[in-house]
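Subject: Two-chain model, with notes

Hello,

Here is the model you will be working with.

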Amino acid sequence: MVMELPGDAELVARLRARDEAAFALVLDAWSPGMLRLARSFVSTPDSAAECVQDTWLAVIEGLDRFEGRSALRTWVYRILVNTAKRRGVREGRSVPWSSVADESGPTVDPARFRPPGEPYAGHWWEFPAPWPEDAVLATEMQRLVAAAVAELPERQRVVVVLRDIQGYDPDEVSSILVITPGYQRVLLHRGRAHVRARIEAYHARAVTS
Amino acid sequence: MDCAEFVELVTDYLEGGLGDADRRRVEEHLDLCDGCSTYLGQVRATIATLHELPPEEGSTPGRDRLLEAFRRSL
């Protein structure tokens, strides 16, 4: 398990004093999550591993310039995002963050709601079917959910990874990605809705087959 | 509030992004609508599954080289 990290003030002081144990601590605590996030931008696991290594080298080099205006982890993750984006663009994988495709329109098929003019317009034709409890192996559900995340457009994927998979709070996610909290929620909303729909479709198939 | 509106507010609701008035409208709708309560529960279950995904393999790439670089950086 990951050891509890000291607070930023102590951590930064120890890193600047080149305390190797402190560096090993952050390296081991943050690298798995960084690797996962890097995978959202680049094409291969090797490429993601290189992004993470390049980020740590930049962190070592920039340590004495870190001003503490954000949390240390946020600063490290911002370097990672910039490194991974640049590499993603080079690999022809990344789309510019300014494009707004996939970010408007309903997240649930409008055909599931009664249309205007019907009694109870805007309400479900049929309620979402409850999901069976424990009917699916945890590993199978994880595979399904990981595949659903991999299908997401890049921006939604990155936000889902940071907010829901890694569990960072919304402010830190917005701050790492330099986006507004509202836009962060838009991306999160669309990403979650897609993953939920995949789970729903899976259970529906299990019922009919 | 109708269900089509509810499903688009669910993330703002869960993430604390709604003002008091909208939050009350969402909660009043939830009290009346079993379908949307189910939907909300499924979004929560989705988040829980995401949070339980195992970490990527190969946790710290180039660990020894990075520690070496750190030592030499003073």
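The notes below go through the two chains, their contact and a few single residues.

This is a predicted model, in which local features need pLDDT of at least 70 and side-chain atom pairs count only at pLDDT 80 or more, while totals for chains, interfaces and linings use all residues. Residues are numbered from 1 along each chain as its sequence is written, and chains are lettered from A and ligands numbered from 1 in the order in which they are written.

Chain A

Chain A has eight helices and zero strands. Helices (H or I, at least four residues) and strands (E, at least two) are DSSP runs, numbered from the N terminus. The order of elements in chain A is therefore α-α-α-α-α-α-α-α. Its C-alpha trace spans about 70 × 35 × 35 Å along the principal axes.

Of the 209 residues of chain A, 35% count as buried. A residue is buried if 20 or more other C-beta atoms lie within 10 Å of its own, exposed if 12 or fewer, and partly exposed in between, with C-beta atoms placed from the backbone. Two residues are in contact if their C-beta atoms, placed in that way, lie within 7 Å. Among contacts in chain A between residues at least 6 apart in sequence, 64% join residues at least 24 apart.

Helix α4 of chain A

Helix α4 of chain A covers residues 72-90. At 1.5 Å a residue, its 19 residues should span 27 Å, and the end C-alpha atoms are 28 Å apart, which agrees. The expected span is 1.5 Å times one less than the number of residues. Buried residues in α4(A) include L72(A), W75(A), V76(A), I79(A), L80(A) and T83(A). K85(A) and R87(A) are also among the buried residues of this helix. The buried residues of α4(A) pack against α1 (8-16), α2 (20-39), α3 (45-62) and α7 (170-177) of chain A. Just after the helix, G92(A) takes a positive phi of about 70°.

Two residues of α4(A), V76(A) and L80(A), are also listed for the largest nonpolar core. A nonpolar core is a set of buried Ala, Val, Leu, Ile, Met, Phe, Trp, Tyr and Cys residues joined through C-beta atoms within 7 Å. The largest one has 58 residues, and those with the most contacts inside it are A38(A), V52(A), V76(A), L80(A), V160(A) and L162(A). Leaving out residues up to four places away in sequence, L80(A) touches M34(A), L37(A), A38(A), C51(A), V52(A) and T55(A).

Chain B

Chain B comes to four helices and zero strands. Its radius of gyration is 22 Å, well over the 11 Å that the globule rule gives for 74 residues, so chain B is more spread out than a compact globule. The radius is taken over C-alpha atoms, and the rule is 2.2 Å times the number of residues to the power 0.38. The C-alpha atoms of chain B fill a box of roughly 65 × 25 × 15 Å, taken along the principal axes. Of its 74 residues, 24% count as buried.

Helix α2 of chain B has 13 residues (20-32), which should span 18 Å; the end C-alpha atoms are 19 Å apart, in agreement. This helix is hardly covered, with one buried residue among the 13.

Where the chains meet

The contact takes 46 residues from chain A and 39 residues from chain B. On the chain A side, α2, α3, α5 (138-151), α6 (154-165) and α8 (181-208) each supply at least two residues. The most come from α2(A), with 10 residues. By class, the chain A side has 29 nonpolar, eight polar and nine charged residues. Here Ala, Val, Leu, Ile, Met, Phe, Trp, Tyr, Cys and Pro count as nonpolar, Asp, Glu, Lys and Arg as charged, and the others, Gly among them, as polar.

A4(B) lies in helix α1 (residues 3-14) of chain B and touches P110(A), F113(A) and G122(A). With 18 C-beta neighbours inside 10 Å, A4(B) counts as partly exposed. P110(A) lies in the loop between α4 and α5 of chain A and, with 10 such neighbours, counts as exposed.

Backbone points to check

R18(A), in the loop between α1 and α2 of chain A, has a phi near 60°, a positive value in a residue other than glycine. Y120(A), in the loop between α4 and α5 of chain A, also has a positive phi near 60°. R18(A) counts as partly exposed, with 15 C-beta neighbours inside 10 Å, and Y120(A) counts as exposed, with 11.

Regards
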